[in-house]
Amino acid sequence: MSHNILILPGDGIGPEIIDEAVKVLNALKAEGSLDMELQFAKLGGSAYDAEGSPYPESTQKLAKAADAILLGAVGGPQYDKLDRPLRPERGLLAIRTDLELFANLRPAILYEELANASSLKPEIVANLDLMIVRELTGGIYFGQPRGIEVSEDGERFGYNTLVYKESEIERIGRVAFDIAMKRGKRLCSVDKANVLEATELWREVMERIGKEYPEVELSHLYVDNAAMQLVLKPKQFDVMVTTNMFGDILSDQASMLTGSIGMLPSASMNASKQGLYEPSHGSAPDIAGQSIANPLATILSAAMMLRYSLEQGELADRIEAAVKQVLANGLRTADIYEEGTRKVSTTEMGDAVVAALAR
Ligand code: IPM
Ligand code: MG
């Protein structure tokens, strides 16, 4: 069966890093191991420039029909003054909602060769391999009512609503438990159940689902403590599951434990395993067009896509091994460069991964 993959290069460094991931996918296709067709569309600022919307209908159509989507990154300072609904980030939120991509997987892995990149002591972070499962289409990001209004006494007030239905908690819980089963069988659910009712329910539902997974050791942390534990003893965690907003914050924090956000992929999936895959880093407009960006997070996102949406775990393993190989060979883009290694460009890094794949 041929896989239908939609490529969304996006803005800033997006197109450059996507080119390298496409190179890797095409190499697998050329050797006959991957049966796929690529389509290309626009999302974010580039879509606004071309069609006046950050998530135009042309993109929406292709996205709905795709088995999986690979995204570069969206955003840039030239779009900051646009009305909110037209900004690049809205394109990202719209495609998440439209495809019901409720399960956001954000790994934080520390590669042996990059242990010095972390701001934490090497012994605290060595061999870190943590997966954050973030709920992505509910919670305070989308809860109604919301808005900015003027009260009777003339003072303005802003408000948002944190709301979770049991079914929403259940489905993200099951994703997290399933992932824990395939990893170290430890799951930590993060909430603020001592203050927020919505997350009191969250904890209760996680407990209930946990009974279906007797092999998984389930624990709970309040989000403030979880933030502290992440920097104190990050290796205590295997899989963490949390709400949309807590996951937004904790996943940024976790990514910095590794010191190299240019290395971290992510996945956003729906119930039918259709997924949007993207690097965890942003569009870095300040370095766009110079071929110095690190394409490895995007290449590793393509590996996640093969693993989680296209049932091609072995090809994913091969890409991940190839990335480890180029790091072991001493190749580094500017963001992870240190003395004694070899600084390479975006395209050189992509070429090196393709070469390592062939071996
Ligand atoms: C992320 C980003 C987005 C989010 C923004 C750009 C809307 O921070 O993917 O983590 O908050 O979800
Ligand atoms: Mg974020």
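1. Let's start with how H11 and H12 pack. Helix H11 (residues 313–328) meets helix H12 (residues 346–358) at about 120 degrees, with the axes 8 Å apart. The two are therefore oblique to each other; angles under 35 degrees count as roughly parallel, over 145 as roughly antiparallel, 65 to 115 as roughly perpendicular and the rest as oblique. Axes here are lines fitted to C-alpha atoms, for helices over the stretch in contact, and angles run from 0 to 180 degrees between N-to-C directions. The crossing of H11 and H12 is right-handed, that is, the near helix is turned clockwise from the far one by less than a right angle.

2. A word on provenance before going further. This is a predicted model, where local features need pLDDT of at least 70 and side-chain atom pairs pLDDT 80 or more, while totals for chains, interfaces and linings use all residues. Residues are numbered from 1 along each chain as its sequence is written, chains are lettered from A and ligands numbered from 1 in the order in which they are written, and side-chain values use heavy atoms, leaving out hydrogens and water.

3. H12 has another partner to look at. Helix H1 (residues 14–30) packs with H12 at about 15 degrees, their axes 9 Å apart. That angle makes H1 roughly parallel to H12. The H1 and H12 crossing is right-handed. Helices (H or I, at least four residues) and strands (E, at least two) are DSSP runs numbered from the N terminus.

4. Now the ligand site. Around ligand 1 sit Glu89, Arg96, Arg106, Arg134, Tyr141 and Asp248, each with a heavy atom within 4 Å of the ligand. This shell divides into 1 nonpolar, no polar and 5 charged residues; Tyr is in the nonpolar class, and Asp, Glu, Lys and Arg are the charged ones.

5. Which oxygen contacts does ligand 1 make with arginine 134, tyrosine 141 and aspartate 248? A polar side-chain atom of tyrosine 141 is 2.5 Å from a ligand oxygen, one of arginine 134 is at 2.8 Å, and a side-chain N or O atom of aspartate 248 is at 2.9 Å. The protein covers 71% of the 320 Å² of accessible area that ligand 1 has on its own (Shrake-Rupley method, 1.4 Å probe).

6. Two backbone details deserve a glance. Most residues other than glycine have a negative phi, and most peptide bonds are trans. The bond from glutamine 144 to proline 145 is cis, with omega near 0 degrees, and proline 145 lies in the loop between strands E5 (129–135) and E6 (147–150). Lysine 185 has a positive phi, near 60 degrees, in the loop between helix H6 (166–182) and strand E8 (186–191).

Notes:
A polar contact is a pair of N or O atoms within 3.5 Å; within protein, one must be able to donate a hydrogen and the other to accept it, and residues adjacent in sequence count only if both atoms are side-chain atoms.
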